[in-house]
Amino acid sequence: MKGDAIEARSLTKRFGAAADAVTALDRVSVTIRENEFFTLLGPSGCGKTTLLRLIAGFELPTEGELYLHGQRIESLPPFRRPVNTVFQSYALFPHLNVQRNVAFAPEMQNRPRSEINAEVRRTLDLVRLNGFEKRLPRELSGGQQQRVALARALAGKPKVLLLDEPLSALDLKLRREMQIELKRLQHETGITFVFVTHDQEEALTMSDRIAVMSGGRILQIGTPTEIYEQPTSRFVADFIGETNFLAARCLESIGGRALYRLPSGTELEGIAIPGLGAGSDVTLAVRPERVDLVREEGQGMPAIMRTILYVGNDTICTVALPDGTELQARVQNRRGAIGGIEPGSPLRVRIPPEAIRVVGD
Ligand code: ATP
């Protein structure tokens, strides 16, 4: 069975003197498993890099405990931790060629020359850069430099690889290629990857699990599907993908079914939420692709089409409920999907019960 690679227990980091201290991390607890591709996702300033730097040993926690494979590590200096970091800026030695850059960590570990050479060959193989040994960093493209940085980090045989927005300097096409490469590398090496990004799409496509952070805290941890399909807070629902929010009152929640009333008076059926009582005011979250536009009378809620935006694969429609509340619907462009419905046309909107999430603030 796989063990835990990293465990943080109530980890807090404050910068500066007491009076005007910045709390970058606020009692963060998280367990990252061995061989996992784990992503820290959140907006700028939420504490992602600080958590990574604490794991690497570049910063000391103000409070809390940090374990690596069951061993407490707060007092271990960075070079004694079986952890390596890949930075956004690559941080290659500009005067050393690819071979020497990659050989750096095994040389520091005083390994025999034959072993070092074999290690350089193995890691350059992994990142598909054989034949580039004699080039200097400035003679490489951005993507190739990032691969050298990866090879250099892997050559130290780390148990955990920390990646701080490693793809953000690359253009979109290269970024997509490197996302696939990174995923492959993680799979082939079995190393635990802790990946930092503020790009939700990148997090969803690459990760085994994601921790969504805001204001120095972890708001939710889950698989990409859980985070996307079952956000527990308004922040997570809003940060990951597009979401409609509807204010509603719970009328009843019994027998596996919940009934909500919108301000327009329309009633909506959802799935029962344990502990949610009749009379509670709630916020409902609904993804635009789960909002169906129908023409048949008697189905769903009445609405008026406001705007229709064609975006290639899909059409994004804004519809208004009778009280003026606007909802977005994302409709796949199959033939006739919304044909004949013009802005201003009446229509009906149907939301399946399982598409409705109740989110906290
Ligand atoms: P970004 O995506 O912009 O890199 P982040 O989520 O990685 O952001 P951190 O770099 O961890 O955020 O910063 C978290 C908070 O701590 C921010 O408010 C930042 O200004 C503050 N901070 C980080 N490092 C220091 C420092 N050395 N001294 C003072 N404040 C700091």
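Predicted model: local features only at pLDDT ≥ 70, side-chain atom pairs only at ≥ 80, totals over all residues.
## Two packed helices

The crossing in which α4 passes α5 is right-handed.

On the α4 side, the residues that take part are Gly143, Gln146, Arg147, Leu150 and Leu154, and in α5 they meet Leu174, Met178, Glu181, Leu182, Leu185 and Thr189. By class, the residues of this contact between α4 and α5 divide into six nonpolar, three polar and two charged.

## The largest pocket

The largest pocket has a volume of about 720 Å³, and among the 25 residues that line it, Phe79, Val83, Asn84, Phe104 and Ala105 are the closest to its centre. The elements that give two or more residues to this lining are β6 (83-86), α2 (98-108) and α4, and β6 gives the most, with four residues. Sorted by class, the lining of the largest pocket holds 17 nonpolar, four polar and four charged residues.

## The second largest pocket

The second largest pocket has a volume of about 270 Å³, and it is lined by 19 residues, of which Glu229, Glu354, Ala355, Ile356 and Arg357 are the closest to its centre. At least two residues of the lining come from each of α7 (224-229), β14 (281-286) and β20 (357-359). The lining of the second largest pocket is made up of 11 nonpolar, two polar and six charged residues.

Definitions and conventions: Residues numbered from 1 in each chain as written. Heavy atoms only, no water. Left-handed = near helix turned anticlockwise from the far one by under 90°. Contact = heavy atoms within 4.5 Å. Nonpolar A, V, L, I, M, F, W, Y, C, P; charged D, E, K, R; others polar. 1 Å grid on protein atoms, 1.4 Å probe; cavity = no way out; pocket = protein on both sides within 12 Å on 5 of 7 lines; lining within 4 Å. Points joined across faces, edges and corners; volume = space filled by probe spheres on them.
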